[in-house]
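Subject: Handing over a model

Hi there,

Here is the structure I promised to pass on to you. Have a look at it first, and then read on for what turned up.

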Amino acid sequence: MNLLRRLWSLWLLVALGQLAACADVGPVRGQMHYGMADAPEGQRLMWPAAPEVPRFLYSGTLVGEPNFRTPAADPGSLRSVGRWLAGLDEKPDAPLVLQRPSGLTGDGDGRLFVSDTSRQAVFVFDEKRGELLVWEYAEPLTRFVAPSGLAVGPDGALFVADADLGVVVRLDARGEPQGVIGRGRLQRPTGLARDPRTGDLYVADTYAHDIKVFDAQGQQVRVLGRRGEGMGEFNFPTHMVFANGALYVTDTLNSRVQVYDPETGGWNRRLGSRGLFLGDLVRPKGVAVDGEGNVYVVESYYDSLLVFSPRGEFLLPIGGTGTATGRFYLPAGVWVDGRNRVHVADMFNGRVVLFQFLGGG
């Protein structure tokens, strides 16, 4: 009996510890700013370079805690955290920073959500409230393992695809788990996109080489595509976005982006093609569309962000391998907000880089 009592007590302590751990990392508070420490003093970084007409302006970098000013904050905090990450400075407390940002999206309330595969969590940059939150739990007693694609739902909800757990998690506006979608049906969910008109959730099931569609109640209603190279067929689809009533899907190992029309049920066009010239695709990942219909595709193999016109014509690249501004190291996701600011998840540089689209064709 004593042994049973001890085992019960031990189990209770473990369970209580796990429940206590469900409280996410405490919020970082302060006035949020976009770090410009890596921009050359007195210069405005633009693309393309002069003498061509500039179309993009570097607008800042997000890394985490250093982007939130408090009265006691060091004004050179972004440089400081860079030195800390490189092991050049010793600090008693490690700052809360992105490690391997992957997916990006935002809501109408000014929040930016960033999935971090290494931190195994979702970072929430809340500029309006001056908060940085970290959401770690997919279910009350289950942490995220490999969070990737993100999609905003109704009433502030957030959908998170966890590739290793094999489910899509629904979080409420406070980051509390509200159940999962696709358990037992998804092999490796990565990209997410939600149709704002119907509420249907599209899931890129990468290992199944298809797109699975779930209704607002979380029931699977159809499957799009199969493995292959024809239109409407896929070879490891990953990132997705809904824009202007169409679904854009990165068909990664077919080196292209396919566009689906939910109204007609047809795959009516594609962007990009396999090749080794500037503007060709090798390992495309993130995809996004701005307010003028320009399409942004992350070319991870060449560490670049490629910009295409609404008609699919290649316009210009931003990037190349490196750590300087406008350079990337294995970038992943991309997202464009309502102000035409282009956010790039610069994965192995541990940051989100912003570019302001200045408009014009």
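How many bridges join strand β14 to strand β15? Three of them do, between residues 167–171 and residues 177–181, and the two strands run antiparallel. Strands and helices here are DSSP runs numbered from the N terminus (helices are H or I with at least four residues, strands are E with at least two), and two strands pair if DSSP finds at least two bridges between them.

Before going further, please keep in mind that this is a predicted model: local features need pLDDT of at least 70, side-chain atom pairs count only at pLDDT 80 or more, and totals for chains, interfaces and linings use all residues. Residues are numbered from 1 along each chain as its sequence is written, and side-chain values use heavy atoms, with hydrogens and water left out.

**The hairpin**

Leu171 stands opposite Pro177 in β15. Five residues sit between the strands of this β14 and β15 hairpin, where Gly175 takes a positive phi near 85°.

**The chain as a whole**

The protein chain has two helices and 30 strands. Of its 361 residues, 53% are buried (under 20% relative accessible area; exposed is over 50%, and partly exposed lies in between, with a 1.4 Å probe and protein chains only). Among contacts (heavy atoms within 4.5 Å) with a separation of 6 or more, 46% are between residues 24 or more positions apart. The protein chain exposes about 16,900 Å², and carbon and sulfur atoms supply 52% of that area. Accessible areas come from the Shrake-Rupley method with a 1.4 Å probe, and for residues only the protein chains shown count as cover.

**The sheet from β16 to β19**

Four strands form an open antiparallel sheet in the order β16-β17-β18-β19. At its edges are β16 (189–194) and β19 (220–224), each pairing on one side only. On average, neighbouring strands in this sheet are turned by 25° against each other, direction ignored; the axes are lines fitted to C-alpha atoms, for helices over the stretch in contact, and angles run from 0 to 180 degrees between N-to-C directions.

Four bridges pair β16 with β17 (residues 201–205) in the antiparallel sense, and Arg194 stands opposite Leu201 in β17. Leu201 has a relative accessible area of 3%, so it counts as buried. Leaving out residues up to four places away in sequence, Leu201 touches several residues, including Phe159, Val168, Ile181 and Phe214. Leu201 and Ala216 are 15 residues apart in sequence, with 7.3 Å between their C-alpha atoms.

**The sheet from β24 to β27**

A further open sheet has four strands in the order β24-β25-β26-β27, with antiparallel pairing. β24 (284–289) and β27 (314–319) are at the edges with a single partner strand each, so one side of each has no neighbour in the sheet. Neighbouring strands here are turned by 20° against each other on average, direction ignored. Five bridges join β25 to β26, which run antiparallel, and Val297 has Leu306 in β26 as its bridge partner.

The loop between β25 (295–299) and β26 (304–308) holds Tyr302. Tyr302 counts as partly exposed because its relative accessibility is 38%. Together with Leu276 and Tyr301, Tyr302 makes a nonpolar surface patch of about 380 Å². Patches are made of residues with over 30% relative accessible area and no salt bridge, with like charges joined within 9 Å and nonpolar side chains (Val, Leu, Ile, Met, Phe, Trp, Tyr) within 5 Å; a salt bridge is a side-chain nitrogen of Lys or Arg within 4 Å of a carboxyl oxygen of Asp or Glu.

Best wishes
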